Amino acid sequence: MVKVLVCVAWPYANAPIHLGHVAGSLLPPDIFSKYQRLHGNEVLMVSGSDQHGTPITVKAEKEGVTPEVIAERYHEINKKAIEGLDIEFSLFTKTHTENHFEVVTDMFMTLRDHGFLYKKGTLQYYCPKCEKFLPDRYVEGTCPSCGNEKARGDQCERCGKAFEGGEMVNAVCVHCSTAPELRETEHYFLKLTAFQDRLIDWISGKEEWKSSVKLFTKNWLEAGLADRPITRDMSWGVPVPLPGWEDKVIYVWFDAVIGYLSASKEWAKRTGRPDAWKEYWADPSVKGYYFLGKDNIPFHTIIWPAMLMGYGGLNLPYDVPANEFLTFKGDKLSKSRGNSIDIPSLLKSYQVDALRYYLAVNMPENKDSEFTWEDFETKINNELVATLGNFYHRVLSFTFKHFGEVPIYHGTEAQRREVMEAIEKARAEVDENLQKCEFKRGLKAIMDLAQFGNRYFDSVGPWALIKKDREQCGSVLYLNLQLVQALAVMSYPFLPRSSEGAWKLLGHQEGMLNKGWDNFAVPLPEGQKLLEPKPLFSKIVVEKEDPDAAFRGFESLNLKVGRIIDVQNHPNADSLLLMQVDIGRKVQIVAGLKAYFTPEELKGRKVVVVSNLKPAKLRGYESQGMLLAAESGDLVTLLMPPADAEPGDQVSSGMTPSEKQIEFKDFQKLTLKIGEVQEDGGIDVGRKLRCRCPPGLGRSKVPVFLPSPEANECLAFFTEKGSFITADERLPNGATVR
RNA sequence: AGCGGGGUGGGGUAGCCAGGACAUCCCGUCGGGCUCAUAACCCGGAGACCGGUCGUUCAAAUCGACCCCCCGCUACCA
């Protein structure tokens, strides 16, 4: 019996967790821990909600509530979702607790005593009336560079100039409009640079780490570490435990990783053995596993180890089996089909084990994987139900019907050995892979055994034997039941419900966990009464796709007719133009068109604008949309709205454009091309496509939307008045629009 | 554009770090079998010149160079 520490990345408490969290960082440690417990090992598995930091205060301000309200709300939601998925923590706590504050304080003070923290002063705005330092986003003033009167503390949103302390003109506090004064404020910094060499040494010994994790860490270390500030001027967080620092808190990234330790201590207190945590942290033979997504790697392979080195006496991570991401391209479609991807509604529609199976079999262990409803449906129905579920059920129901109990075994040892060897082979493979945190392979070994079971059942043909030789039939069923038992035990880490279900149907009184991992090889007690079996898994039906689904992607774009009012050169970039465009309201757009147009050519032109693009700063100036242009080699032309179009007209193409903002990268995924209208109403974009458009298109070049790059159908652009957007006749068919 | 990861039969994947005999497995597909089982199960077939080009080697999916495409982060991408 050994002890194992399992640490799970702390979900941030400003939103509900989604399937990506589950597949990436929650399910893997649960499988691992269940496996370890089945082996009789003692597992301490901890995590909790990461509740501090600015995103939570911002959300709280928006809703007009305190940060606690937000942090607690999502803590509860997420805790429930995790429990619903049968993921069992020793403790799933949160960071806004007295215990956590104490542990963070201890870490802070110890690192400070050991000389790994130092103070550094910076100039920052201070409001004399509110009597506090103002975080950057709480200061407004006039930008000295572009004259924008609504510039914020650190940077002007219009021209993007970054301010040094005090550069902004007429700064005011956004709360009370008092002019703030500049004061020197101090912050603590973690001396990461001091650990660089030790970390490099430590990493080099990590043969068992995934190559991606190790390589990423190595590159980061070789690029050189920088000391990082670990305190901030705000009030939501862990207070800095020093006199005179009452208005500051510990930076969230510093406090959150300490959660592993504080949760372990909290767990120990709760179990009534306050020192029990040391068994997992101070005994060098105990391995600590940290499960997280790839975005979190440096915190667990560099920063947290550095903190632990600086603190002293505690174990560093043994393995960090970080996963990639589970993505959902079908997310939008899923909503239109009445399927939602959030966990509570998934749990309402599908069995927990079905979800766990799909997420495990599709786990992003080595590269991003994608959740699709179609794949979900086929994997559940054709693998989980058809292979494993069917084997359980055909064996249990046939035996129950004809014997009602575990039959007596009259067969030969050779016959028994054939089955036991298959079981042993699967056992060895599952052991080998789960110990290395290779979950997909482990699951595959289980499914292979289920397949062996089906083959075996077929080969011995109990349905024929029962008519000829009841005794012999009982013997082969006995061996099949033995396989069922082995599968039940082995699959427990992945599929705990059905596993225990099968275990009970075999008539066992004692719980599986008590019996433990090795028990699946033990002979079943002959004569043990079976329970009446019912199928452990059911097939699922995912609703049919909506016929318009192909064009839903177009709805994510909110296109409007605009008129360019003013154009200036971007003061700070070679290729960018800065323009004001009327799209019913006035927006500023930054476009990389300087090489193709002069400001005079553009002024006054009607254009097509993506109006719901998420604003972004380009070389400092905010761009609140984008002009659609077609390009082919050196030829770049703007799309042309029809004569009757007015600024603000919707280019809806008969769909319902979304009001939601679209990320630029998502916009880039859409396929927009130039095509030529054919006699028969089709459109040639280099190859011929059917066009989903109303009549009235002349023979001309037009922009079209394709549901996918390979689609054979497209949608032309037309306004709410029904007139078409066109494009320059010189463009070749298939030119791209962006 | 820079950095990292990836491109393997229709879809999804293993193998690649430690090159070598028929390129793995799942799904789908085609043909057959069975009828205990949730039209589930079992057997067999078809289907891949392992993104492209060039190189190293007796031998490359596996090593190297260059190029193309996808994904993530970063950026004077809008």
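Student: Which helix gives the most to the surface near RNA strand B?
Tutor: H14 does, with 8 residues. A residue is near a strand if one of its heavy atoms lies within 4 Å of it, and helices (H or I, at least four residues) and strands (E, at least two) are DSSP runs numbered from the N terminus. Before we go on, this is a predicted model, where local features need pLDDT of at least 70, side-chain atom pairs count only at pLDDT 80 or more, and totals for chains, interfaces and linings use all residues. Residues are numbered from 1 along each chain as its sequence is written, chains are lettered from A and ligands numbered from 1 in the order in which they are written, and side-chain values use heavy atoms, leaving out hydrogens and water.

Student: Which residues come nearest to RNA strand B?
Tutor: Arg394, Asp458, Phe537, Val590 and Phe664, out of the 45 residues around RNA strand B.

Student: Which atom of RNA strand B does Arg394 reach?
Tutor: A base nitrogen, which lies 2.5 Å from a polar side-chain atom of Arg394. Arg441 has a polar side-chain atom 2.8 Å from a phosphate oxygen of RNA strand B. As for Asn390, an N or O atom in its side chain is 2.8 Å from a sugar or linking oxygen of RNA strand B.

Student: Switching to aromatics: how many pairs does the structure hold?
Tutor: It holds 31 aromatic pairs. Rings of Phe, Tyr and Trp (its six-membered ring) pair if their centres lie within 6.5 Å; planes under 30 degrees apart count as stacked, over 60 as edge-to-face and the rest as tilted. Take Tyr358 and Phe376: their ring centres are 5.3 Å apart with planes at 75°, so this pair is edge-to-face. Tyr358 is in helix H13 (residues 352-361) and Phe376 in helix H14 (residues 373-402), so the pair ties together parts 18 residues apart in sequence.

Student: Is Phe376 buried or exposed?
Tutor: Phe376 is buried, at a relative accessible area of 0%. Buried means under 20% relative accessible area, exposed over 50%, and partly exposed in between (1.4 Å probe, protein chains only). Tyr358 is buried too, with 0%.

Student: How do the rings of Trp373 and Phe376 sit?
Tutor: Their centres are 5.9 Å apart and the planes at 80°, so that pair is edge-to-face. Trp373 and Phe376 are 3 residues apart in helix H14, about one helical turn. Trp373 counts as buried, at 3% relative accessibility.

Student: What about charges over rings, say at Trp253?
Tutor: The charged end of Arg228 sits over that ring, 4.6 Å from its centre. The rule is NZ of Lys or CZ of Arg within 6 Å of the ring centre and within 35 degrees of the ring normal. Lys265 likewise lies over the face of Trp277, 4.5 Å from the ring centre.

Student: Last one: where is Cys437?
Tutor: Cys437 is in the loop between helix H15 (413-435) and H16. Its phi is near 60°, a positive value in a residue other than glycine.

Technical notes: A polar contact is a pair of N or O atoms within 3.5 Å; within protein, one must be able to donate a hydrogen and the other to accept it, and residues adjacent in sequence count only if both atoms are side-chain atoms.
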